[in-house]
Amino acid sequence: MTERKPPSVPFESWVDRQINEAEQRGDFASLPGFGKPLPGLERAYDEDWWIKDKMRREGLSVLPPALALRKEVEDVRRAVAGAVSERRVRELLVAVNEKIDEAVRMPPPGPPLTVGRFDVERAVEEWRTARAEEERRSA
């Protein structure tokens, strides 16, 4: 703020004047997004938009840890199906198994953990079979 509001000036007039002076000085010209439409105007109003936007920007999750691990297990299953090498399949499964082991040792708060470890060798064999079937179909 550049000065205190004089007692005789209405608050709205004083604020408008401050904004107009800053605009004339070019104080707003270097702000990010200057001259562009506000993002998200096409979406329906959500009073928690700013919380959700911050969480999205910072990669935060609102799922309890047990549910987040369940989701990660589902994501790993999809990633295994699309993996291009046996090595990558093993990396994915070993990494999620380590997280499952940790969650079993120290149960997270929230709903009970209902996921079990992957049998890496069995999963790799299933991956090989599925891969061979795809190659047979494409040949």
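**Pockets and packed helices**

Reply: Happy to. Counted by class, the lining of the largest pocket holds 4 nonpolar, 1 polar and 5 charged residues. Keep in mind that this is a predicted model. The residues that line this largest pocket are P39, G40, R43, A44, Y45, D46, W49, K52, D53 and R56. The space inside the largest pocket comes to about 380 Å³.

Now for the second largest pocket, which has a volume of about 280 Å³. Its lining is made of 14 residues, and R77, V80, F118, A123 and E126 are the ones nearest the centre. By class, that lining divides into 7 nonpolar, 1 polar and 6 charged residues. Where do they come from? Helices α3 and α5 each supply at least two residues of the lining. Helix α5 gives the most, with 6 residues.

That brings us to the helices themselves. Two packed helices are described by the angle between their axes and the distance between the axes. Let's begin with α3, which spans residues 65-82, and α4, which spans residues 86-105. These two pack at an angle of about 165°, and their axes are 10 Å apart. Because of that angle, α3 is roughly antiparallel to α4. The crossing in which α3 passes α4 is left-handed.

Which residues make this contact? On the α3 side they are L69, E72, V73, V76, A79 and V80. On the α4 side they are V89, L92, L93, V96, K99, I100 and A103. By class, the contact between α3 and α4 has 11 nonpolar residues, no polar ones and 2 charged ones. V80 is one to remember: this residue of α3 takes part in the contact with α4, and V80 is also among the residues nearest the centre of the second largest pocket.

The axes of α4 and α5 come within 10 Å and cross at roughly 145°. Here α4 passes α5 in a right-handed crossing. From α4, the residues that meet α5 are E86, V89, R90, L93, V94 and N97. From α5, their partners are V120, E121, A123, V124, W127 and R128. This contact divides into 7 nonpolar, 1 polar and 4 charged residues.

How values were computed:
Residues numbered from 1 in each chain as written. Predicted model: local features only at pLDDT ≥ 70, side-chain atom pairs only at ≥ 80, totals over all residues. Heavy atoms only, no water. Axes fitted to C-alpha atoms, helices over the stretch in contact; angles between N-to-C directions. Helix = DSSP H or I, 4+ residues; strand = E, 2+ residues; numbered from the N terminus. Parallel < 35°, antiparallel > 145°, perpendicular 65-115°, else oblique. Left-handed = near helix turned anticlockwise from the far one by under 90°. Contact = heavy atoms within 4.5 Å. Nonpolar A, V, L, I, M, F, W, Y, C, P; charged D, E, K, R; others polar. 1 Å grid on protein atoms, 1.4 Å probe; cavity = no way out; pocket = protein on both sides within 12 Å on 5 of 7 lines; lining within 4 Å. Points joined across faces, edges and corners; volume = space filled by probe spheres on them.
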